[in-house]
Amino acid sequence: MNMFFQNQMDLMIRPMREELTRHGFVELKTPEEVDEAFQSAKGVALVVVNSVCGCAAGLARPAAVHSLNYDKKPDHLFTVFAGQEKEATARAREYFEGYPPSSPSFAVLKDGKIVGIVQRHEIEDNDMESIIAKLHALYDKAHEA
């Protein structure tokens, strides 16, 4: 990939990254960062598999942020960017055992183990309230585990 194209992509997706990072999500850009974060994060973690698609912009990222207005919110907030940091995203998906790759998507982990996932087909063509309700149900499940 040439440098000009990469620079243009970086400029285009910066706001997509910042929509999550300005709300406390930590970007994981390498497989090593994923392993370190997931293995050391005790408690409940929300992982957003970010993407450039329309349902990520219109539903997924806003739902992730709004879902944090909840008593049983996650202790840790992480994000990987599908299509950008491919190796980090692939490593994160290794932790989502039993679920096929999906982007955008949300994974909830408890002590590094998968509790559940909200996949793209549960995001696109749904309303914000139902997506947030699915996340809250996973937060509840994780806190009860």
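Is Tyr70 buried, exposed or partly exposed? With a relative accessible area of 27%, Tyr70 counts as partly exposed. The close-ups below come back to this residue, and they all show a predicted model.

**Figure 1. Five strands line up in an open, mixed sheet.** Follow the strands across the sheet and you will read the order β1-β3-β2-β4-β5. At the edges stand β1 (26-27) and β5 (113-118); each has a single partner strand, so one side of each is left without a neighbour in the sheet. The partner of β1 in this view is strand β3 (residues 76-81), and the two pair in the parallel sense over two bridges. Look for Glu27 here, which stands opposite Thr79 in β3.

**Figure 2. Helices α2 and α6 lie across strands of the sheet.** Helix α2, made of residues 31-40, lies across β1, β2 (44-50), β3 and β4 (105-110). Its direction makes an angle of about 160° with β3. Helix α6, made of residues 128-144, lies across β2, β4 and β5, and runs at about 165° to β5.

**Figure 3. Pro104 sits in the loop between α4 (86-94) and β4.** Pro104 has a relative accessibility of 1%, under the 20% cut-off, and therefore counts as buried. Setting aside neighbours within four places in sequence, the residues in contact with Pro104 include Val49, Ser51, Cys53 and Cys55. Gln119, Arg120 and Ile123 are also among its contacts. For a sense of scale, the C-alpha atoms of Pro104 and Glu32 are separated by 21 Å, and the two residues are 72 apart along the chain.

**Figure 4. Phe38 and Tyr95 form one of three aromatic pairs in the structure.** Their ring centres are 4.9 Å apart and their planes meet at 80°, so this pair is edge-to-face. Phe38 belongs to helix α2 and Tyr95 to the loop between α4 and β4, so the pair ties together parts that are 57 residues apart in sequence. Phe38 is buried at 1% relative accessibility, and Tyr95 is buried too, with a relative accessible area of 17%. Keep Phe78 in view as well: ring pairs link Phe38, Phe78 and Tyr95 into a cluster.

**Figure 5. Tyr70 and Tyr139 make a tilted ring pair.** Here the ring centres lie 6.4 Å apart with the planes at 50°, so the pair is tilted. Tyr70 comes from the loop between α3 (54-66) and β3, whereas Tyr139 comes from helix α6, 69 residues apart. Tyr70 is partly exposed, while Tyr139 is buried, with a relative accessible area of 0%.

Terms used: Residues numbered from 1 in each chain as written. Predicted model: local features only at pLDDT ≥ 70, side-chain atom pairs only at ≥ 80, totals over all residues. Heavy atoms only, no water. Pairing = 2+ DSSP bridges. Helix = DSSP H or I, 4+ residues; strand = E, 2+ residues; numbered from the N terminus. Contact = heavy atoms within 4.5 Å. Axes fitted to C-alpha atoms, helices over the stretch in contact; angles between N-to-C directions. Buried < 20%, exposed > 50% of the residue type's maximum accessible area, 1.4 Å probe, protein only. Phe/Tyr/Trp six-rings, centres within 6.5 Å; stacked < 30°, edge-to-face > 60°.
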